[in-house]
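Subject: Structure handover

Hello,

Here is the structure I said I would pass on. My notes on it follow below.

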Amino acid sequence: MNALNIAEHMAHLGAQARAASARIAAASAAERNAALRALAVLLRTESDALQVENAKDLQRAVEAGLAPPMVDRLRLTPKIIETLAVGCEQLAAMADVIGEVSGLRQQPSGIRVGQMRVPLGVFGMIFESRPNVTIEAASLSIKSGNACILRGGSEAIDSNRALAVLVQRALAQAGLPAEAVQLVQTTDREAVGRLIAMPEHVDVIIPRGGKGLIERISREAKVPVIKHLDGNCHTYVDDPCDLDLAVKVTENAKTQKYSPCNATESLLVARGVAAAFLPRIGAVFAAKGVEMRCCPESRALLAGVPGATVVDATEQDWFEEYLAPVISVKVVAGVDEAIAHVNHYSSHHTDAILTTNHVHAQRFLREVDSASVMVNTSTRFADGFEYGLGAEIGISTDKFHARGPVGIEGLTSLKWVVLGQGEVRG
């Protein structure tokens with residue numbers, strides 16, 4: 001496509017999405033749930049075919065020399081496909097929130113005033129790598145009564161096209177417009193520029209990808225953006241704590257999977273437990289090949305761990321999202337310094353405290369300024385599916401409208417409704 005054709009293509013997608021949004025917003029919960037259940041069936045029956053298309057993307061990625069964590073993000077394994085199908089079914093089983101009226105109260109004038117939950121309208125989703133985002137975004141769009149335009153990365157184009165076809169088949173089976181979910185068919189970057197500058201067709205943009213992509217979209221978009229720039233997540237091991245629990249949870253938070261944005265990237269340890277804890281977690285990290293970038297105090301405690309890769313941390317390491325088997329490690333005086341460190345260096349995504357002190361736990365929950373704050377569990381749980389949202393369209397580190405995993409309610413708005421019986425204002 002040349003620039004003119006891309007402009008026409010995006011305008012056409014936008015017009016179709018706007019028209020479809022009216023129909024799907026008015027659709028019954030039964031219709032939208034039928035589309036989700038049909039999509040779950042199609043994902044399972046077409047699993048083998050999806051993996052054939054996915055293999056094309058994987059082969060191109062390997063040939064292009066993509067780093068292993070990035071290749072890993074592209075995979076559509078049978079387990080991932082089944083998780084997507086279950087997510088669709090979970091969404092279908094959830095209560096419908098569209099049209100729900102809350103806070104209805106009588107005013108002295110006689111009118112009753114409340115708020116109704118309604119779809120946003122049309123959202124544009126721009127994402128890199130993970131093709132499972134196509135289904136997560138589409139299913140949440142359907143459940144929340146929105147239309148969406150999806151623009152995935154070139155590295156997953158074959159997988160995304162195959163998945164988008166299944167979504168449109170499911171919508172048609174349920175009697176809903178297939179255009180309620182559309183995939184941008186070109187990988188040209190100009191399509192992104194067009195998508196984020198169509199306020200007449202698109203109500204909100206949701207980018208999900210690298211920091212560079214999200215910064216560009218935030219800078220150039222002419223419609224509102226729901227975003228998070230990166231996931232520098234912290235696990236803080238407090239004094240006092242259950243050391244066995246702390247080792248188990250920290251290991252999971254960092255090593256269960258390196259590539260997601262909710263993996264722990266920075267480990268803070270209270271000085272009172274550092275000598276007991278750090279050699280134990282250091283041995284775990286050494287066995288798994290995790291490099292530790294340390295403050296002088298933590299490096300001294302880890303230096304004797306057999307096989308450990310221990311280097312000096314730079315100031316930038318405290319800000320870093322590695323998405324790799326690398327973690328920054330710092331000894332802090334206690335909960336006060338931990339909270340101050342997290343609020344200064346974190347990306348306000350997800351941060352956890354491992355402690356047996358209730359007061360420390362409550363302070364951490366109240367004072368850490370992040371979208372998800374956890375006590376005695378792994379940061380890897382910061383996920384819409386794990387939170388019971390059915391799926392998520394992303395994790396927002398913004399402070400307005402949607403924050404944390406963005407599920408159904410994050411894709412809706414509230415409008416005021418007023419019920420009267422002929423009252424007039426005096």
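This is a predicted model: local features need pLDDT of at least 70, side-chain atom pairs count only at pLDDT 80 or more; totals for chains, interfaces and linings use all residues.

Helix α5
The buried residues of α5 are Ile81, Leu84, Ala85, Gly87, Cys88, Leu91 and Ala92. Looking down the axis of α5, these buried residues fall within an arc of 150°, so they line one face of the helix. They pack against three elements: α2 (29–45), α3 (47–63) and α6 (132–143). Lys79 and Ala93 are exposed on the other side of α5.

Helix α9
In helix α9 (residues 211–220), the buried residues are Leu213, Ile214, Arg216 and Ile217. Seen down the axis of α9, they fall within an arc of 160°, so these residues also line one face of their helix. Their packing partners are β3 (122–127), α8 (190–195) and β6 (204–208). Exposed residues Gly212 and Arg219 sit on the face of α9 turned away from its buried side.

The α10/α11 pair
Helix α10 (residues 243–255) and helix α11 (residues 271–287) have axes that come within 10 Å and cross at roughly 40°. The crossing is right-handed. On the α10 side, the contact is made by Leu243, Asp244, Ala246, Val247, Thr250, Glu251, Lys254 and Thr255. On the α11 side, Ala276, Phe277, Arg280, Ile281, Val284 and Phe285 meet them. By class, the residues of this contact are eight nonpolar, two polar and four charged.

- Asp239 and Pro240 are joined by a cis peptide bond, with omega about 15°. Pro240 is placed in the loop between β7 (233–237) and α10.
- Leu323 is not a glycine, yet has a positive phi of about 55°. This residue is found in the loop between β10 (310–312) and β11 (326–332).
- His348, also not a glycine, has a positive phi of about 65°. The loop that holds His348 runs between α13 (335–345) and β12 (350–354). His348 counts as partly exposed because its relative accessibility is 25%, and that class covers values between 20% and 50%.

Regards

Technical notes: Residues are numbered from 1 along each chain as its sequence is written. Side-chain values use heavy atoms; hydrogens and water are left out. Axes are lines fitted to C-alpha atoms, for helices over the stretch in contact, and angles run from 0 to 180 degrees between N-to-C directions. Helices (H or I, at least four residues) and strands (E, at least two) are DSSP runs, numbered from the N terminus. A crossing is left-handed if the near helix is turned anticlockwise from the far one by less than a right angle, and right-handed if clockwise. Contact means heavy atoms within 4.5 Å. Ala, Val, Leu, Ile, Met, Phe, Trp, Tyr, Cys and Pro count as nonpolar, Asp, Glu, Lys and Arg as charged, and the others, Gly among them, as polar. Buried means under 20% relative accessible area, exposed over 50%, partly exposed in between (1.4 Å probe, protein chains only). The arc is that of the directions from the helix axis to the C-beta atoms.
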